[in-house]
Amino acid sequence: MRLIASRPFLWLVLALPGIWILGQWWLTPDAYGYGHAIADSGDWAAWLLMATLFVTPLRLLRKADWTMWLMRRRRDLGVASFAYAAGHLIVYVWNKASLEAVLGEAGSPEILTGWLALALFLPLAVTSNDKYLRALKRSWKKLHRLVYPAAVLTFVHWVLTAFDPTTAYIHIGVLAAVELLRVYLQRRQRVT
Ligand code: HEM
């Protein structure tokens, strides 16, 4: 039980989709390839972002040991989301193969939203450790509220890049419902 609840074990589990993506690409480059790698890395970045945002509402709903455990691991989930987003960017840049091509596309709305989301996630990932939590004190919480505009940009990016945005809209609906629940529970329990 201790091993399953440990941080290294959590990171092993969080790394599995990445290992799967790399394995598929390595073993079946023609069948898997760039198209699947960019989509799967983007999906996992978005899913882990959603998982991070689900922790507080779950804690507000259930004051149990497992929700406390999730609260303590929330920063790990956020950093893992950033790691998949960084991997997603590497796949993209690798495919473009030139700085000129990357810069040429950077201004289009579907790609710009991705860059802006990543730019907002960067300071959050850097400060998601005890050192910055202690150093920034109350400002830490303020800074980390950037996760909300970053999440909005992420989902706009998903809608704009998708051939069929239905899946993106379903995710947006679920996240919006959970966020409304969080706001309602925070008001009812008078917490911020
Ligand atoms: C750094 C800038 C970024 C670039 C250049 C970029 C690029 C792309 C591209 C080219 C696609 C289209 C893939 C396709 O053709 O199917 C895509 C899709 C996607 N991206 Fe990004 N992205 C960036 C940042 C992000 C971030 C920060 C996230 C999430 C945290 C994200 C999540 C997604 C998702 C969920 C999809 C849709 C995947 C699917 O269709 O299943 N991206 N991105």
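## Overall fold

Helices here are DSSP runs of H or I with at least four residues, numbered from the N terminus. In this predicted model, the protein chain reads α-α-α-α-α-α-α-α-α along its sequence. That pattern comprises nine helices and zero strands.

The radius of gyration of the protein chain is 18 Å, close to the 16 Å that the globule rule gives for 192 residues, so the chain is as compact as a globular protein of that length. Along the principal axes, its C-alpha atoms fill a box of roughly 50 × 40 × 35 Å.

## Burial and contacts

Buried residues make up 21% of the 192 residues in the protein chain. Among contacts with a separation of 6 or more, 67% join residues 24 or more positions apart.

## The largest nonpolar core

The largest nonpolar core has 21 residues, and the members that touch the most others are Ala 45, Leu 48, Leu 49, Tyr 84, Ala 85 and Phe 121. Two or more residues come from each of H2, helix H3 (65-96), helix H5 (109-126) and helix H8 (147-161). H2 contributes the most, with six residues.

Leaving aside residues up to four places away in sequence, Phe 121 touches Phe 82, Ala 85 and Ala 150.

## Trp 44

Trp 44 lies in helix H2, which spans residues 33-61. Trp 44 counts as buried because 23 other C-beta atoms lie within 10 Å, and the cut-off for a buried residue is 20 or more.

Apart from residues up to four places away in sequence, Trp 44 touches Pro 17 and Tyr 84. Ala 177 is 133 residues from Trp 44 in sequence, and their C-alpha atoms are 20 Å apart in space.

Note on methods
Residues numbered from 1 in each chain as written. Predicted model: local features only at pLDDT ≥ 70, side-chain atom pairs only at ≥ 80, totals over all residues. Buried ≥ 20, exposed ≤ 12 C-beta atoms within 10 Å, placed from the backbone. Contact = placed C-beta atoms within 7 Å. Core = buried A, V, L, I, M, F, W, Y, C linked by C-beta atoms within 7 Å. Rg over C-alpha atoms; globule rule 2.2 N^0.38 Å.
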